[in-house]
Amino acid sequence: MSERITKSMARNIYFGGSLFFFLFLIGLTVDTMIQLPERDNRDQITESVALGKEVWEHNNCIGCHSLMGEGAYYAPELANVFNRRGNSDEETFKRYLGVWMSIQPLQTPGRRKMPQFNLTEEEVNGLADFLIWTSRIDDNDWPPNIEG
Amino acid sequence: MKFESQQVAKPYFIFALILFAGQIIFGLLMGMQYINGDTLFPHIPFNVARMVHTNLLIVWLLFGFMGAAFYLIPEEAETELFSPKLAMITFWVFAAAGVATILGYLLVPYAELAHLTGNALWPTMGREFLEQPTITKLGIVVVVLAFIFNIGMTVLKGRKTVINLILVTGLIGLAVFFLFAFYNPTNLVLDKYFWWWVVHLWVEGVWELIMGAILAFVLIKVTGVDREYIEKWLYLIIALALISGLVGMGHHYYWIGPPAYWLWLGSFFSALEPIPFFMMMLYAFDVVRKRRINPNNKIATTWALGTATMAFLGAGVWGFLHTLAPVNYYTHGTQITAAHGHLAFFGAYAMIVMTIISYAMPILRGREDGNPPEAQKLERAAFWLMCISMMGITLALTVAGAWQVSLQRLPESGAMGFIDTQIQINPVYWTRLLFGSLFAFGLVLYFASFFVSGKTEGKTA
Ligand code: HEM
Ligand code: HEM
Ligand SMILES: [Fe+2]
C-alpha cells in the first residue's frame with residue numbers, strides 16, 4: 001500500500017480528512033445541543049440543584065464515586081442512588097442521605113472509608129436534589145440494573 | 001548535541017521523572033486502600049491519593065512533552081532555540097505551580113482548597129483530572145502559551161520539517177482543547193459533554209500527533225532511514241488518528257445524556273481508532289528492519305519499538321475491547337475501564353517520553369554515543385520489568401472487571417451490590433498490588449541506570 005501513496009497524497013488525506021471530520025463533529029454537536037433540553041430536563045435545575053453540584057465538586061466526590069459511569073471506581077455509582085436507596089421517592093431519599101452523610105466514616109474495620117464532610121442541612125438537601133435531578137436525565141437506559 | 005540551547009530539555013526530563021516516582025508511590029497507596037480501606041485514612045483519603053496520582057501523571061507527561069520539544073525542535077529547525085531563558089522561566093513557574101498544587105491537595109481538605117482559591121467565583125474544580133484550582137489552571141495556560149511562543153518562534157526562524165510542524169500543531173491543539181477545562185456549567189450533561197473535549201480530544205487526538213512526531217524523530221535518528229519515507233507514514237498515521245478519533249469521541253456519549261445516534265457513530269468511528277496505532281507498530285518495526293545505521297545506543301530503539309507495541313495493546317486492543325456500545329453498556333465505569341486507562345497511558349504516553357529520554361539524555365550528558373553498555377543493560381532490565389508488570393496490572397484489572405460485570409451488571413434481578421462485589425474480587429486486587437510493587441522495583445532500576453558509569457565502547461560520534 002505504502003508504495004502507491006506519495007507523501008503529498010498522505011498530507012492531503014491528513015488535512016482534508018481531519019478538517020472534514022472536525023466539521024462533522026461540530027455539526028453533530030450543534031444537533032446534540034438542540035436535542036439536549038428535552039433529555040436533560042434543564043428547566044428543573046433549581047437553585048438547590050445548583051448548590052448540590054457545587055457541594056459535589058467542592059468535596060471531590062468524583063474522586064471515589066462514579067456519576068453516570070464516569071469518575072472513580074472505588075465507591076458505588078450515584079446517578080441512580082435515588083432509585084436504589086430512596087426507592088425513587090424524594091422524601092425517603094432525603095431522609096436516607098441525611099443520615100448517611102452524618103454517620104461517616106463507618107467504623108467497620110478494613111471497609112473502604114468515606115470521610116466526614118461536615119455538611120450543613122441545606123448542603124445535604126442540595127446534594128439530594130442534584131442527585132435526584134441527575135437520576136432523571138435520559139441516559140439511554142443505563143445502568144443495566146439498579147446496583148449501578 | 002547540535003545546538004547549545006537543547007540543554008534546556010534536561011531539567012524538564014529530570015523533573016518529569018521525579019514526578020513519575022511520586023505518581024507510582026500514590027498508585028501503590030491506592031492499591032493498598034483497595035484492599036484495606038483503613039490505610040492512611042483519614043490522613044490521605046482515597047480521593048486525595050487518586051487526584052495526586054492522576055495529576056502527577058498528566059503534569060509529568062507535559063514536562064516530558066515540553067522537554068522533547070525543546071530537544072528536537074532546534075535540531076529539526078537547525079537553529080538555536082528562540083529563548084533558552086524563557087524556557088528556564090517556564091520550567092520554574094510550572095514546577096512551582098505543580099508542587100504547590102500537589103501540596104495543597106495533601107495538606108488542606110479539598111473543600112478548604114476550593115474555598116481558599118475562590119472556586120465559587122469561577123468554578124472549575126472537582127471534576128476528574130481537572131481537580132486543579134482555577135488559579136493553577138490559569139497558570140498552566142500562561143506557561144503553555146509562553147512555551148508555544150518559544151518553540152513557535154524557533155520553528156519560524158528555522159527549517160520547517162514535517163516533524164516540527166506536526167509537533168507544534170499537536171502542542172497548539174493541546175493548549176486549545178485545555179481551554180474547555182474553564183467551561184463548567186451547572187447543567188451536568190453540558191459539563192460532561194465538553195469535559196471530554198479536554199480528555200478524549202487530548203489522548204485520542206492531539207496527543208497522538210505529539211507522540212507520532214517524537215517517535216518519527218527518534219526513528220530517523222536511530223535507524224538513519226530516509227526522512228521522506230518516515231514522514232509519509234507519519235502523515236498517514238495522524239490522518240487516520242483524527243479521522244477516527246474526532247467522531248470516535250462518541251464512545252463517551254452513550255450513557256451521559258446525548259441522543260441515541262451516538263451509539264452508532266461512537267461505535268463505528270471508535271472501532272477504527274486502533275488502526276493508526278496498528279500502523280504505528282507496523283511502521284516502527286518496518287523502519288528498524290530497514291535501518292542503515294547501527295548506533296551504540298541500542299536501548300533507545302528498544303524503547304521506540306516497545307512504545308509502538310504497548311500503545312497498540314493499551315489503546316488499540318484494550319480500547320476496542322469495550323468501545324462498542326453493546327459491550328460498553330455492561331463495562332462502562334468498571335475495572336475494565338481502569339485496565340485500559342493504565343495500559344494506554346503507560347504504553348503510549350509514559351513510554352514515548354521515556355523513549356525520547358533514552359535517546360536524548362545520554363547526548364545531553366555529553367555521551368554522544370549513548371550510555372555505556374552496563375547502564376544500557378540495567379535500563380533494558382527496567383524496560384522489561386515495567387512493561388511486564390504493567391501488563392500484569394492490566395490483566396489483573398481485566399479479570400477484576402469481568403468478574404465485577406458478571407456479578408454486578410449482568411444479572412437482571414438479584415445482582416450483587418457494589419461493595420459486596422468488591423469484597424469478592426479482593427484476591428485479584430492483591431495480584432494487582434503485587435505487579436504494582438514489581439513496577440515500582442522496575443522504576444527503581446530505571447533510575448539506577450542513570451547513575452551507572454563505565455567506558456563507552458567502540459567509535460565516537
Ligand atoms: C504501581 C503501579 C500503579 C498502581 C498500583 C495504580 C493504581 C491505581 C488506582 C487504584 C487507580 C484508581 C482506580 C479507581 O478509580 O478506582 C488508578 C488510576 C489511574 N492510574 Fe494508576 N496505578 C499505577 C500506575 C500507573 C501508571 C504507570 C499509569 C500511567 C502511566 C497510571 C495511570 C492511571 C490513570 C490514567 C488512572 C485513572 C484511570 C481511569 O480513570 O480509568 N497508573 N491507578
Ligand atoms: C493512548 C490512547 C488512549 C488513552 C491514553 C486512553 C485513556 C483512557 C482513560 C484514562 C479512560 C478513562 C476515562 C475516565 O476516567 O472516565 C478511557 C476511557 C475509554 N477509552 Fe480510552 N484511551 C486511549 C485510546 C482509546 C482507544 C483507541 C479506544 C477505542 C478503540 C478507547 C476506548 C475507550 C472507551 C470506550 C472508554 C470509556 C470506558 C467506559 O465506558 O468506562 N480508548 N480511556
Ligand atoms: Fe475516548
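Of the 27 residues around ligand 1 in this predicted model, those that come nearest are Tyr34(B), Arg50(B), His53(B), Glu128(B) and His342(B); a residue is near a molecule if one of its heavy atoms lies within 4 Å of it. Ligand 1 itself lies between chains A and B. Residues are numbered from 1 along each chain as its sequence is written, while chains are lettered from A and ligands numbered from 1 in the order of writing. Local features need pLDDT of at least 70 and side-chain atom pairs count only at pLDDT 80 or more, whereas totals for chains, interfaces and linings use all residues; side-chain values use heavy atoms, with hydrogens and water left out.

An oxygen atom of ligand 1 lies 2.4 Å from a polar side-chain atom of Tyr34(B). For Arg50(B), an N or O atom of the side chain is 2.6 Å from an oxygen atom of the ligand, and for Glu128(B) the corresponding value is 2.8 Å.

In chain B, α1 (9-35), α2 (46-77), α13, α14 (373-409) and α15 (418-449) each supply at least two residues of the shell around ligand 1; helices are DSSP runs of H or I with at least four residues, numbered from the N terminus. By class, the shell has 17 nonpolar residues (Ala, Val, Leu, Ile, Met, Phe, Trp, Tyr, Cys and Pro), three charged residues (Asp, Glu, Lys and Arg) and seven polar residues (the others, Gly among them).

Helix α13 (residues 335-364) of chain B also holds His340(B). The iron ion (ligand 3) is 4.4 Å from the iron atom of ligand 2.

Technical notes:
Donors = N, O, S within 2.8 Å, 3.2 Å for Na, K, Ca; no water. Polar contact = N/O pair within 3.5 Å; in protein donor to acceptor, adjacent residues only side chain to side chain.
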